[in-house]
Amino acid sequence: MSARTPTLPPALAKAREQLRVWWRTRVPRERLALGVALAVVALFVAWLLLVQPALRTLREAPARLAVLDAELQQMQRLAAESQTLRGAAAVPPAQAAAALKAATDRLGDKGRLAMQGDRASLTLNGVSPEALRGWLLEARGAARVRPAEAQLTRGPQGYTGTLVVMLAGGGEAP
């Protein structure tokens, strides 16, 4: 078998030959200058496409890793808290209702609680995010309820809408 060099299409072969003829007609000094210019352009393109993105990645990686580590630690804290809450004993319905009522009383006239069997419906009217967070933390910790439905709208005065929670002894499994 003989090794054959691939043949170029006629148009490319003609262009290649014209480039060779043009190159040979240049004086050595001009060829050197063109070669240096071509090398500079090639180095610049290599820098833009290969080196600079890699250096940027190396420079930004520690900050991105720190953010990802913080997110991982937060998720691990939440997972541990979830496991703790799952392992906690159920609260009797009367005690859960009393805890929900006490938490709702702290909202003042901005929150109204309605108990319906193993569900509690909280109607909100302009509750601040901090107050809603406090109610949710107390409801989850003291009454051991879990959210079932939420239809909340955030406005300038705070949250408005309805939040339905299930008591721990309720019908659905967690």
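Trp-22, Trp-23 and Arg-24 of helix H1 are in contact with Arg-31, Leu-34 and Gly-35 of helix H2, contact meaning heavy atoms within 4.5 Å. The residues of this contact comprise three nonpolar, one polar and two charged; Ala, Val, Leu, Ile, Met, Phe, Trp, Tyr, Cys and Pro count as nonpolar, Asp, Glu, Lys and Arg as charged, and the others, Gly among them, as polar. The model is predicted: local features need pLDDT of at least 70 and side-chain atom pairs count only at pLDDT 80 or more, while totals for chains, interfaces and linings use all residues. Residues are numbered from 1 along each chain as its sequence is written, and side-chain values use heavy atoms, with hydrogens and water left out.

H1 covers residues 10-24, and its axis lies 9 Å from that of H2 at an angle of about 125°. Axes are lines fitted to C-alpha atoms, for helices over the stretch in contact, and angles run from 0 to 180 degrees between N-to-C directions. The two helices, H1 and H2, are therefore oblique to each other; angles under 35 degrees count as roughly parallel, over 145 as roughly antiparallel, 65 to 115 as roughly perpendicular and the rest as oblique.

Gly-35 belongs to H2, residues 28-87; helices (H or I, at least four residues) and strands (E, at least two) are DSSP runs, numbered from the N terminus. Gly-35 is partly exposed, at a relative accessible area of 33%; buried means under 20%, exposed over 50%, partly exposed in between (1.4 Å probe, protein chains only).

Arg-144 sits in the loop between helix H4 (129-143) and strand E3 (146-155). Although not a glycine, Arg-144 has a positive phi of about 55°.
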